[in-house]
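Thanks for asking me to look this one over.

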Amino acid sequence: MDKEYRTIRLYSPQANAVYEELCRDGVCHSKPEYVKKKYKESAPIFLTAYEWFVAEAQKLVPRPEGAQFPYWAFADERAVDQGKGSHLLVLDVPEDEVILFDMYDWNRVVQLSLMGETREEEIQYHKQLQACGVNENDVMLTSFYPEQKRQIQESWRRLFRYDVQLKAGNTDGVGCVQAGLWRIKKEWVQG
């Protein structure tokens, strides 16, 4: 099947304001101020993860004009956390507009943790940091540990290891399929 015509069914929670913007303008984009408002005192952690995602994800799927931060969607409706005042959007997204990954890998990024090849590698890295008297938040949220920060961010590239496989319909080795979208278009909404 021609890639440009293939769509992927996704589910995404969207707050009323986002849903209204989508209905009004036909497209909506996420912005850093939304993250700051939602996560308040935890925003620096999420901003660190999101800013890394933006820099790396646009290498896979070009970021369209107006896009700043991603929207999150899931292949399984049961994975969607629907908060008060949210709408569940059922989306048919063109394959060339989506980045697919394992939600559990994304959780490692949001935790600002090393994403090792193995659990043993991660344990060893934690021991190294402990020996220096620091943790991964210290490394990622300050400018004092540039080498360790580089190591962690390089490990995060593993987030995208399943993108091609998932787009081919193969979910082997993936706990839960999550998607990053630069935008949501009204014509993608199926329900």
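1. **Ground rules.** This is a predicted model, in which local features need pLDDT of at least 70 and side-chain atom pairs count only at pLDDT 80 or more, while totals for chains, interfaces and linings use all residues. Residues are numbered from 1 along each chain as its sequence is written, and side-chain values use heavy atoms, with hydrogens and water left out.

2. **The main core.** The largest nonpolar core has 32 residues. Such a core is a set of buried Ala, Val, Leu, Ile, Met, Phe, Trp, Tyr and Cys residues joined through side-chain atoms within 4.5 Å; buried means under 20% relative accessible area, exposed over 50%, and partly exposed in between, with a 1.4 Å probe and protein chains only. Tyr-50, Phe-53, Ile-99, Trp-106, Trp-156 and Leu-159 have the most contacts inside this core. At least two core residues come from each of helix H3 (43-57), S5, H4, helix H5 (119-132), helix H6 (136-141) and H7, and H3 gives the largest share, nine residues. Helices (H or I, at least four residues) and strands (E, at least two) are DSSP runs numbered from the N terminus. As background, nonpolar side chains tend to be buried together in soluble globular proteins.

3. **Ile-99 and the second core.** Leaving aside residues up to four places away in sequence, Ile-99 touches Phe-53, Ala-57, Leu-60, Val-61, Phe-160, Asp-163, Gln-178, Ala-179, Gly-180 and Trp-182, where contact means heavy atoms within 4.5 Å. There is also a second, separate core of 20 residues, with Leu-10, Leu-89, Val-174 and Val-177 among them.

4. **Helix H4.** Six of the eight residues of H4 are buried, so this helix is largely enclosed by the rest of the structure. The buried ones are Met-103, Asp-105, Trp-106, Arg-108, Val-109 and Val-110. Their cover includes H3, strand S3 (71-74), S5, H5, H7 and S6.

5. **H2 against H3.** Helix H2 (residues 32-39) packs on H3 at an angle of about 145°, with the axes 8 Å apart. Axes here are lines fitted to C-alpha atoms, for helices over the stretch in contact, and angles run from 0 to 180 degrees between N-to-C directions. From H2, Pro-32, Val-35, Lys-36 and Tyr-39 meet Ala-43, Phe-46, Leu-47 and Tyr-50 of H3. By class, this contact has seven nonpolar, no polar and one charged residues; Ala, Val, Leu, Ile, Met, Phe, Trp, Tyr, Cys and Pro count as nonpolar, Asp, Glu, Lys and Arg as charged, and the others, Gly among them, as polar.

6. **Salt bridges across the chain.** The whole structure contains 12 salt bridges, each a side-chain nitrogen of Lys or Arg within 4 Å of a carboxyl oxygen of Asp or Glu. One of them pairs Glu-97 with Arg-183, with the closest N and O atoms 2.8 Å apart. Glu-97 sits in the loop between strand S4 (86-94) and strand S5 (98-102), and Arg-183 in the loop between strand S6 (177-181) and strand S7 (184-185), 86 residues apart. Both partners, Glu-97 and Arg-183, are buried. Another joins Asp-105 to Arg-161 at 3.0 Å between the closest N and O atoms. Asp-105 lies in helix H4 (residues 103-110) and Arg-161 in the loop between helix H7 (146-156) and helix H8 (163-167), so this pair ties together parts 56 residues apart in sequence. Asp-105 counts as buried at 8% relative accessibility, whereas Arg-161, at 38%, counts as partly exposed.

7. Arg-150 and Glu-154 meet in a salt bridge of 2.7 Å, N to O. These two are four residues apart in helix H7, so about one helical turn separates them. Arg-150 is partly exposed at 35% relative accessibility, and Glu-154 is partly exposed at 39%. Elsewhere, salt bridges with shared partners join Glu-56, Lys-59 and Arg-157 into one network.

8. **Two backbone spots to check.** Most residues other than glycine have a negative phi. Lys-40 has a phi near 45° and is found in the loop between H2 and H3. Leu-112 has a positive phi of about 60° and lies in the loop between H4 and H5.
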